[in-house]
Amino acid sequence: FLGIAYYKLDDYKKAHEAFGRALKLNPKDPKILMWLGISELAASHPEAAARALDKAAEIAPRDVDILYHRGRAHLLVSQGSYENMYKADPHSWRVHEVLGQAYAQSERHGQAIAEYEQAIAQMPQEPGLHVELGNEYWDAGQPEKAEAAYVDELKIDPRSVMALYKLGSLRVEHAKANDGVPFLEEALRLAPDLADAAYYLGKGQAQLGEEQKAVGNLNHAIDLHPSQDTLQRAYYQLAMVYRRIHNMEQSKAALANFEKLKQASDAQQRQRFEERLKQHQQQSAQGDATEQ
């Protein structure tokens, strides 16, 4: 509490000292680590803040406040690294790649595409760049250009798992399973635990009328514990395939799992929204108190 008092008086050096003494008494108290990280952030020491907040998150991985401040710290560390990169060589292809990634994260696909294309113009043989470009074209609703980018990646690295998986998935999504399934099979041969590839392979085989193969790969995707989104889609696709082969009992079971997951996902989204709203209200209240 002494450290918090110093922090509120903007005396970050004394706050840091107080939090340090508190940690000697309670080295695994996540709140002390959190406040140490907050004071380091206020003192413009994001790397030190990130170290403290990482430790706090290991102890309390579901504490929303800790996760929020940890995210801020790592964001500032990243920004600092990118600023130094830009100062070192503002025209580097790496700068264009980083800018492309930043635009991609904010869903500014047109600007991300422009940056990736500039990076590729400088380093046309660099592995991975064409996959990133293809992903942006896919998200921007330009599947033909996305497909061309993935093909270009495979010319550079024929064993690129991501390019194989993405190209196969894109073709399956656009009802070209004959052209997509072989790439997905190769991706899974190289990376058997790639759940999304197993899902799309099953979906593609279902399009080709290979229901038994589809059932096997969709169940394989489920067994790999994929993301909630992929898990939902796998159960839904599995329900449709079982219905097609007149296995109504299994179809109903798969559909029930899909509906259960969807309800849980909707509840999680509502909870995250409520947590963000609560956090925003707390921050607004803190800002108002500071102004007063």
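Is Asp10 buried or exposed? At 53% relative accessibility, Asp10 is exposed, because the cut-off for that class is over 50%. The model described here is predicted.

Asp10 sits in the loop that joins helix H1 (2–8) to helix H2 (12–25). Asp10 is not a glycine, yet its phi is positive, at about 65 degrees. Most residues other than glycine have a negative phi.

His225 is another residue of this kind, with a positive phi near 55 degrees. His225 occupies the loop between helix H13 (211–223) and H14, and its relative accessible area of 70% makes it exposed. A positive phi also occurs just after H14, where His246 has a value of about 65 degrees.

## Helix H9

Helix H9 covers residues 143–156, 14 residues in total. From first C-alpha to last, H9 reaches 20 Å, close to the 20 Å expected at 1.5 Å a residue.

Pro143, Ala146, Glu147, Ala149, Tyr150, Glu153 and Leu154 are the buried residues of H9. Viewed down the helix axis, these buried residues fall within an arc of 160 degrees, so they line one face of H9. An α-helix has 3.6 residues a turn, so residues three or four places apart point the same way. Glu144 and Lys155 are exposed on the other side of H9. The packing partners of the buried residues of H9 are helix H8 (129–139), helix H10 (161–173) and helix H11 (177–190).

H13 has 13 residues. Its end C-alpha atoms span 18 Å, close to the 18 Å expected at 1.5 Å a residue. Glu211, Ala214, Val215, Asn217, Leu218, Ala221 and Ile222 are buried in H13. The cover over these buried residues of H13 includes H11, H12 and H14.

H14 has 17 residues, which at 1.5 Å a residue should span 24 Å; the end C-alpha atoms of H14 are 25 Å apart, which agrees. The buried residues in H14 are Thr230, Leu231, Gln232, Ala234, Tyr235, Gln237, Leu238, Ala239, Val241 and Tyr242.

## Nonpolar cores

How many residues does the largest nonpolar core have? This core has 48 residues, and those with the most contacts inside it are Leu133, Leu184, Tyr235 and Leu238. Helix H14 (residues 228–244) supplies the largest share of this core, 7 residues. In soluble globular proteins, nonpolar side chains tend to be buried together.

Leaving out residues up to four places away in sequence, Leu184 touches Leu164, Tyr165, Gly168, Ser169, Val172, Ala197, Tyr200 and Leu201.

## Gln205, a buried residue of H12

Gln205 belongs to helix H12 (residues 195–207). Gln205 counts as buried because its relative accessibility is 3%, and the cut-off for buried is under 20%. Its contacts, apart from neighbours within four places in sequence, are Val181, Glu185, Glu210, Lys213, Ala214 and Asn217. Ala214 and Asn217 are among the buried residues of H13.

## The second largest pocket

The second largest pocket has a volume of about 330 Å³. Its lining consists of 15 residues, and Tyr82, Val98, Leu99, Gln101 and Ala102 lie nearest its centre. Helix H5 (64–88) and helix H6 (93–105) are the elements that each give two or more residues to this lining. H6 gives the most to the lining, with 7 residues.

Glu83 also lies in helix H5. Glu83 is partly exposed, with a relative accessible area of 48%.

## Separations along the chain and in space

Glu83 and Gln118 are 35 residues apart in sequence, and their C-alpha atoms are 19 Å apart in space. Ser44 and Pro182 are 138 residues apart along the chain, with a C-alpha separation of 52 Å.

Ser44 is part of the loop between helix H3 (30–42) and helix H4 (46–59). With a relative accessibility of 59%, Ser44 is classed as exposed.

Note on methods:
Residues are numbered from 1 along each chain as its sequence is written. This is a predicted model: local features need pLDDT of at least 70, side-chain atom pairs count only at pLDDT 80 or more; totals for chains, interfaces and linings use all residues. Side-chain values use heavy atoms; hydrogens and water are left out. Helices (H or I, at least four residues) and strands (E, at least two) are DSSP runs, numbered from the N terminus. The expected span of a helix is 1.5 Å times one less than its number of residues. Buried means under 20% relative accessible area, exposed over 50%, partly exposed in between (1.4 Å probe, protein chains only). The arc is that of the directions from the helix axis to the C-beta atoms. Contact means heavy atoms within 4.5 Å. A nonpolar core is a set of buried Ala, Val, Leu, Ile, Met, Phe, Trp, Tyr and Cys residues joined through side-chain atoms within 4.5 Å. On a 1 Å grid over the protein atoms alone, a cavity is a set of points where a 1.4 Å probe fits but cannot get out, and a pocket is an open set with protein on both sides within 12 Å along at least five of seven lines; lining residues have an atom within 4 Å of a point. Grid points are joined across faces, edges and corners, and a volume is the space filled by probe spheres set on the points.
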